[in-house]
Amino acid sequence: MSREDVLVSTAWAEENLDTPGIVFVEVDEDTSAYDKGHIRNAVKIDWKNELQDPVRRDFVDKAGFEKLLSEKGIANDDTVVLYGGNNNWFAAYAYWYFKLYGHEKLKLLDGGRKKWELEGRELVTEVPQRPQTSYVAKEQDLSLRAFRDEVVEAINQKNIVDVRSPDEFAGKLLAPAHLPQESAQRPGHVPSAVNVPWAKAANEDGTFKSNEELKQIYTEAGLDLNKPTIAYCRIGERSSHTWFALHELLGLQDVKNYDGSWTEYGSLVGVPIETGANS
Amino acid sequence: MSVQVDSGCAAPAQEATPDDFDTRGQVVIAGTVTAGGQPLPNAYVRLLNADGEFAGEVQASEQGEFRFYAAAGKWTVRALHAEGTGEAAVETDAPKLYRVSVSV
């Protein structure tokens, strides 16, 4: 798989806004940005209210995903181009999530909403009407998703990449710097994890760094690119960004996203935790 | 009071930070992005640590306001906008509100 298969430029996107068979999807936790203005013809997906189970901490099930995509007017053979705010965190999460449920033609808009805005490209408020489809999902591909026991077993065995900021990794902060810090769980990181903040993989304008740069960043951080890898952050969206860089851009075979991430791990009774900076 | 642990990591909508803002014992860095002396709406504002490493990013409000929760240290606040970029330094120590303006 090449970079062009999974990542499209803002210029390409602008040329393909009306192309049949291509559906642009804006994904965010807070969808008020979409409501104020979005890429023309893009539909919105609400990360919290549409992709998460309303009661349990888990994803919507297969039938729920089928219903969601059918209502959004997305068909199995459509090419879905995902983008969003926060440097594409939630769009990358949706990319990984669509992949879990077996959607085949998927692309991420390089730079996301930020690059689109910084380039002064057009945003509209008109919401497209797409006819309902009968979407059929596959069972979750669990080769892409790590669960807590697997993370504990991976300590000192597999690559574990903690993609949070250095202060979250060290245990000084429990959340990113734009959020208040109160939280229930213990601070720190999974023993043997290396800290490669997600932002290392991105340029200032939100685009991904080149494959050569990415390879250098992860290798210098101490990752053995031939070993299986688990990525995590606080709730699994920043680590989806890194999962995308490792699995989709660099083409590593065995990379899982641990969506339970620190909010789960840091609340588990009895699991080992380390604090302090990257060794 | 604690935040819900399963709530997302997205940057919240930005708003003004009044002088009597309750920092809840945290280092808060807040301010406004301006261009030509006027508030510049919707710039992307990045907080960089003393090593220039990325610590956080928010999108400023319609009035150019932004707010970060940080720690003691030297920080750079950098603003990106279609009209240009700008940055400002701020040094923090004890938990309280620190003000910084960034001109683009």
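This is a predicted model: local features need pLDDT of at least 70, side-chain atom pairs count only at pLDDT 80 or more; totals for chains, interfaces and linings use all residues.
Author: Local features need pLDDT of at least 70 and side-chain atom pairs count only at pLDDT 80 or more, while totals for chains, interfaces and linings use all residues. Residues are numbered from 1 along each chain as its sequence is written, chains are lettered from A and ligands numbered from 1 in the order in which they are written, and side-chain values use heavy atoms, with hydrogens and water left out.

Reader: How do you know that domain 1 of chain A and domain 2 of chain A are in contact?

Author: Contact means heavy atoms within 4.5 Å. By that rule, 23 residues of domain 1 of chain A are in contact with 28 residues of domain 2 of chain A.

Reader: What area do domain 1 and domain 2 of chain A bury between them?

Author: About 2,300 Å², 64% of it on carbon and sulfur atoms. Buried area is the accessible area (1.4 Å probe) that two parts lose on being put together, summed over both. In domain 1 of chain A, A:Arg3, A:Trp89 and A:Trp96 lose the most area to domain 2 of chain A, together 32% of what that side buries.

Reader: Why is the pair A:Lys99 and A:Glu248 called a salt bridge?

Author: The term requires a side-chain nitrogen of Lys or Arg within 4 Å of a carboxyl oxygen of Asp or Glu. The closest N and O atoms of A:Lys99 and A:Glu248 are 3.8 Å apart, so the pair qualifies. The count between domain 1 and domain 2 of chain A is two salt bridges.
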